[in-house]
Amino acid sequence: YWTGVKAGALQEGIARSRALLQNAVRLEVVAGRTADEAVALVRLTNLTGHKLPTGFPEGRRIWISIVGKDADGRTTFVSGSYDEPTGRIREDPQLKVYEARPATSPHLASALGLPSGHSFLSAFNDTILFDNRIPPRGYRTDAFRSRKAEPVGYHYDDDQYWDETRYVMPLSTRTVEVRVLYQQVSGEFIEFLRDENQNNPYDWNQWGEKVYTTWQRYGGPVLMAQQTVLVSTRSPQLPPFSDFDAP
């Protein structure tokens, strides 16, 4: 929207941001069979010094997209697929999304004359309904709780800076492709920003609609990591977690 900007510098910033995301997580996947089903185990390890994902929580998320295929390449299982037109992650029983859901407490909502519960009105959010973001190295439950930064509705042990997810798939599954995706702004949040900006007398340039249009072109998820594995004939087991040097 502006003239005189240095396009090369902006592209360098984009490249550094993508590199940061791709160095933020370690992905490990194993897959195998039990008597009547195929099973994939996925471990994500947080390589950053903050929660994963960190930053402004409204609309920001990371999720696991997993696709199973049989010996003929036919899809047998899908979890975490993304609908581009709506900007929604398709709901499924095994979906894993890492995010925080801020909210306005009943006490504050009553004082402000607003509804309580999950809200994108960040200035009025004073509580957290859910937070399963992966803690950083050095995590201690009591230390995080003393700063009101502990997980909510999810559990991590002290010193745990990784998370493991188990996916159950049809027995015919032979390969499993896993992708870790990051999205800075969800479809729900960008629609909120657009809709709340309607009839805004201070919006001299229709920024709400312009930001939404830009998000439609560039706001899709960014790939952080991916891995494809064969389904073993044995029951899957992730190797014991071992510490390592972060990049």
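How many salt bridges does a search of the whole structure find? The count is 17. Keep in mind that this is a predicted model. I will take the salt bridges first, then the sheets, then a few backbone details.

Start with the general idea. Side chains of opposite charge can pair when their charged atoms come close.

Now a pair inside one helix. E12 and R16 form a salt bridge, at 4.0 Å from N to O. Why are these two residues about one helical turn apart? Because they sit 4 residues apart in helix α1, which covers residues 7–22. How open are they to the outside? E12 is partly exposed, at 48% relative accessible area. R16 has 55% relative accessibility, so R16 counts as exposed, the cut-off being over 50%.

Next, look at helix α4. Which residue forms a salt bridge with E188? The partner is R61, and the closest N and O atoms are 3.7 Å apart. This pair links distant parts of the chain. E188 is in helix α4, residues 187–196, while R61 is in strand β3, residues 61–69. The two are 127 residues apart. Is R61 buried or exposed? R61 is buried, with a relative accessible area of 6%. E188 is partly exposed, at 29% relative accessibility.

Stay on the helix. E191 meets R88 in another salt bridge, at 2.9 Å from N to O. E191 lies in helix α4 and R88 lies in strand β6, residues 88–89, so this pair ties together parts 103 residues apart in sequence. E191 counts as partly exposed, at 21% relative accessibility. R88 is partly exposed too, with a relative accessible area of 27%.

R61, R88, E188 and E191 are linked in a network of salt bridges. Find helix α4 on the screen, and you have E188 and E191.

Strand β2 covers residues 38–46, and it pairs with β1 in the antiparallel sense over 9 bridges. Opposite A38 in β2 stands R33.

Here is another open sheet. Its 3 strands run in the order β9-β8-β10, and the pairing is antiparallel. The edge strands are β9, at 117–118, and β10, at 127–131. Strand β8, residues 100–104, pairs with β10 over 4 bridges in the antiparallel sense. What is the bridge partner of P102 in β10? That partner is I128.

Last, the backbone. The peptide bond from L52 to P53 is cis, with omega near -5°. P53 is in the loop between β2 and β3.

Now two residues with positive phi. K148 is not a glycine, yet its phi is positive, about 55°. D159 is not a glycine either, and its phi is about 70°. Where does K148 lie? K148 is in the loop between α3, residues 141–146, and β11. D159 lies in the loop between α3 and β11. K148 has 78% relative accessibility and counts as exposed. D159 counts as partly exposed, at 39%.

Methods: Residues are numbered from 1 along each chain as its sequence is written. This is a predicted model: local features need pLDDT of at least 70, side-chain atom pairs count only at pLDDT 80 or more; totals for chains, interfaces and linings use all residues. Side-chain values use heavy atoms; hydrogens and water are left out. Two strands pair if DSSP finds at least two bridges between them. A salt bridge is a side-chain nitrogen of Lys or Arg within 4 Å of a carboxyl oxygen of Asp or Glu. Buried means under 20% relative accessible area, exposed over 50%, partly exposed in between (1.4 Å probe, protein chains only).
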